[in-house]
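User: I'm new to this one and would like to get my bearings. Could you walk me through it in plain words?

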Amino acid sequence: QKALAENVGFNEDDWDCSVDHYNSYDWSELELYGIDKSFEILGWNLQSWNDEIDPPASDDKMWDELTSEEQDAAMDICYFRDNWDV
């Protein structure tokens, strides 16, 4: 899939955000790139990211149930109403 995406103009950064939503990153990589802040606003931390504890409450919310701050954080990691509510 990633190779096909590159053929239509996606670069690695586009793929990581728009398709993968950084799910393949370790928490330390999120911290390295400053992406952890958006996930923290959504309630994620090292333990939830590593499946050591349950995911945060935001994981079960519909887009309209997120606060405006959570929606902004979600948009930072390429989630929008149309792909959050699936």
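User: Is Cys78 buried or exposed?
Analyst: This is a predicted model, so take each value as computed from it. Cys78 sits in the loop between H6 and helix H7 (81–84). Its relative accessibility is 14%, and the cut-off for burial is under 20%, so Cys78 counts as buried.

User: What is the phi of Cys78, given that it is not a glycine?
Analyst: Here's the background: most residues other than glycine have a negative phi. Cys78 isn't a glycine, yet its phi is positive, at about 65°.

User: And Asp51, is that one buried or exposed?
Analyst: Asp51 also has a positive phi, of about 60°, without being a glycine. You'll find Asp51 in the loop between helix H5 (46–49) and H6. Its relative accessibility is 69%, and anything over 50% goes down as exposed. So the word for Asp51 is exposed.

User: Which residue just after H2 takes a positive phi?
Analyst: Helix H2 covers residues 12–19, and Trp15, Asp16 and Cys17 are buried in it. Just after H2, a positive phi of about 50° turns up at His21.

User: Which residues have the most contacts inside the largest nonpolar core?
Analyst: As a general point, nonpolar side chains tend to be buried together in soluble globular proteins. The largest nonpolar core in this model has 18 residues. Helix H3 (27–32) and helix H6 (68–76) each supply at least two residues of this core. Those with the most contacts inside the core are Tyr22, Leu30, Ile35, Phe39, Leu42, Ile77 and Trp84.

User: What does Trp84 touch, leaving out residues up to four places away in sequence?
Analyst: Trp84 is buried, and it is among the core residues with the most contacts inside the core. With those sequence neighbours left out, Trp84 touches Leu42, Ser58, Lys61, Met62, Trp63, Leu66, Ala74 and Tyr79.

User: How many aromatic pairs are there, and what kind is Tyr22 with Tyr25?
Analyst: The structure holds seven aromatic pairs. In one of them, the ring centres of Tyr22 and Tyr25 are 5.2 Å apart and the planes meet at 90°. Both residues are buried, Tyr22 with a relative accessible area of 11% and Tyr25 at 13%. Planes over 60 degrees apart make a pair edge-to-face, so the answer is seven pairs, with Tyr22 and Tyr25 edge-to-face.

User: What about Tyr79 and Trp84, how far apart are the centres of that pair?
Analyst: Tyr79 and Trp84 are both buried. Their pair is edge-to-face, with 85° between the planes, and the centre-to-centre distance is 5.3 Å.

User: Which residues do ring pairs link into a cluster?
Analyst: Rings count as a pair if their centres lie within 6.5 Å. Pairs of that kind link up a cluster of Trp27, Phe39, Trp44 and Trp49.

User: Is Asp36 buried or exposed?
Analyst: Asp36 belongs to helix H4, which spans residues 36–41. Beyond four places away in sequence, Asp36 touches Trp27, Leu30 and Glu31. Its relative accessibility is 4%, so Asp36 counts as buried.

User: Last one: which residues lie nearest the centre of the largest pocket?
Analyst: The largest pocket has a volume of about 280 Å³. Its lining divides into seven nonpolar, four polar and three charged residues. Of the 14 residues that line the pocket, the ones nearest its centre are Asn23, Trp44, Asp59, Tyr79 and Trp84.

Methods
Residues are numbered from 1 along each chain as its sequence is written. This is a predicted model: local features need pLDDT of at least 70, side-chain atom pairs count only at pLDDT 80 or more; totals for chains, interfaces and linings use all residues. Side-chain values use heavy atoms; hydrogens and water are left out. On a 1 Å grid over the protein atoms alone, a cavity is a set of points where a 1.4 Å probe fits but cannot get out, and a pocket is an open set with protein on both sides within 12 Å along at least five of seven lines; lining residues have an atom within 4 Å of a point. Grid points are joined across faces, edges and corners, and a volume is the space filled by probe spheres set on the points. Ala, Val, Leu, Ile, Met, Phe, Trp, Tyr, Cys and Pro count as nonpolar, Asp, Glu, Lys and Arg as charged, and the others, Gly among them, as polar. Helices (H or I, at least four residues) and strands (E, at least two) are DSSP runs, numbered from the N terminus. Buried means under 20% relative accessible area, exposed over 50%, partly exposed in between (1.4 Å probe, protein chains only). Contact means heavy atoms within 4.5 Å. Rings of Phe, Tyr and Trp (its six-membered ring) pair if their centres lie within 6.5 Å; planes under 30 degrees apart count as stacked, over 60 as edge-to-face and the rest as tilted. A nonpolar core is a set of buried Ala, Val, Leu, Ile, Met, Phe, Trp, Tyr and Cys residues joined through side-chain atoms within 4.5 Å.
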